[in-house]
Amino acid sequence: MSYNPNPLYAAPEDWRAYSGVLSRRVFAFILDYVIVALLCIPAAIVVFFLGIVTLGLGFILYPALFVIVAGLYFGMTVGGPSQASLGMRAMGIAIVRVDGRPMDFILAIAHLALFWILNSVLTPLILLVGLFTERSRLLHDFLVGTATIRIG
């Protein structure tokens, strides 16, 4: 990876920027959730000591630990300057807003939350939307105004 002083924020019009994005998103999803699961290990240790210091009150964070770690991970990576999580970078994709503004932490969290909600309702059938839409956008991409593009 090299540093790009002029990052691309707007969704390009060239169809090649969207070629093969769906399969890359699936593999990036798998990589990202392996990373989140690994990040949950040190977070669980921190919550353990927090629970001891707070006389057991900190232990109530355990049921929400995965959601908290995943939210922070995606908010900081997708909402950061690269606009891509580590799994997305490995697969050569990034998320951009269709209005041309950069992604921020709140929009990245909203994107993640809508993905979880829609995936729980529609199951993996959510991926079928990308087969029939322009730019291979999924339902939650339409709702928050984003598109996934190839960067490598």
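Helix α2 (residues 65–78) packs against helix α4 (residues 105–122) at an angle of about 130°, with the two axes 8 Å apart. Axes here are lines fitted to C-alpha atoms, for helices over the stretch in contact, and angles run from 0 to 180 degrees between N-to-C directions. The angle makes α2 oblique to α4; angles under 35 degrees count as roughly parallel, over 145 as roughly antiparallel, 65 to 115 as roughly perpendicular and the rest as oblique. The α2 and α4 crossing is right-handed, a term used if the near helix is turned clockwise from the far one by less than a right angle.

The model is predicted: local features need pLDDT of at least 70, side-chain atom pairs count only at pLDDT 80 or more, and totals for chains, interfaces and linings use all residues. Residues are numbered from 1 along each chain as its sequence is written, and side-chain values use heavy atoms, with hydrogens and water left out.

Which residues in α2 meet α4? They are Val67, Ala70, Gly71, Leu72, Phe74, Gly75, Met76 and Val78, and their partners in α4 are Phe105, Ala108, Ile109, Leu112 and Trp116. Contact means heavy atoms within 4.5 Å. By class, this contact of α2 with α4 has eleven nonpolar, two polar and no charged residues. Ala, Val, Leu, Ile, Met, Phe, Trp, Tyr, Cys and Pro count as nonpolar, Asp, Glu, Lys and Arg as charged, and the others, Gly among them, as polar.

Helix α2 also packs against helix α1 (residues 21–53). These two helices are oblique to each other, and their crossing is right-handed. On the α1 side the contact is made by Asp32, Tyr33, Ile35, Val36, Leu39, Cys40, Ala43, Ala44 and Val47; on the α2 side by Leu65, Phe66, Val69, Ala70, Tyr73 and Phe74. The contact of α1 with α2 holds 14 nonpolar, no polar and one charged residues.

| Helix pair | Angle | Axis separation |
|---|---|---|
| α2 and α4 | about 130° | 8 Å |
| α1 and α2 | roughly 120° | within 9 Å |

Leucine 65 lies in α2. Is leucine 65 buried or exposed? Leucine 65 counts as buried because its relative accessibility is 11%; buried means under 20% relative accessible area, exposed over 50%, and partly exposed in between (1.4 Å probe, protein chains only). Leaving out residues up to four places away in sequence, leucine 65 touches Cys40, Ala43, Ala44 and Val47. Valine 47 is 18 residues from leucine 65 along the chain, and their C-alpha atoms are separated by 8.6 Å.

The strands come next. In strand β1 (residues 93–97), five of the five residues are buried. Ile93, Ile95 and Arg97 are on one side of β1 and Ala94 and Val96 on the other, so that both faces are covered. Strand β2 (residues 146–150) pairs with β1 in the antiparallel sense over five bridges; two strands pair if DSSP finds at least two bridges between them. Isoleucine 93 has arginine 150 of β2 as its bridge partner, and alanine 94 stands opposite isoleucine 149. β2 is largely enclosed by the rest of the structure, because four of its five residues are buried.

Taken as a whole, the protein chain has six helices and two strands, in the order α-α-α-β-α-α-α-β along the sequence. Helices (H or I, at least four residues) and strands (E, at least two) are DSSP runs, numbered from the N terminus. Of the 152 residues, 39% count as buried.
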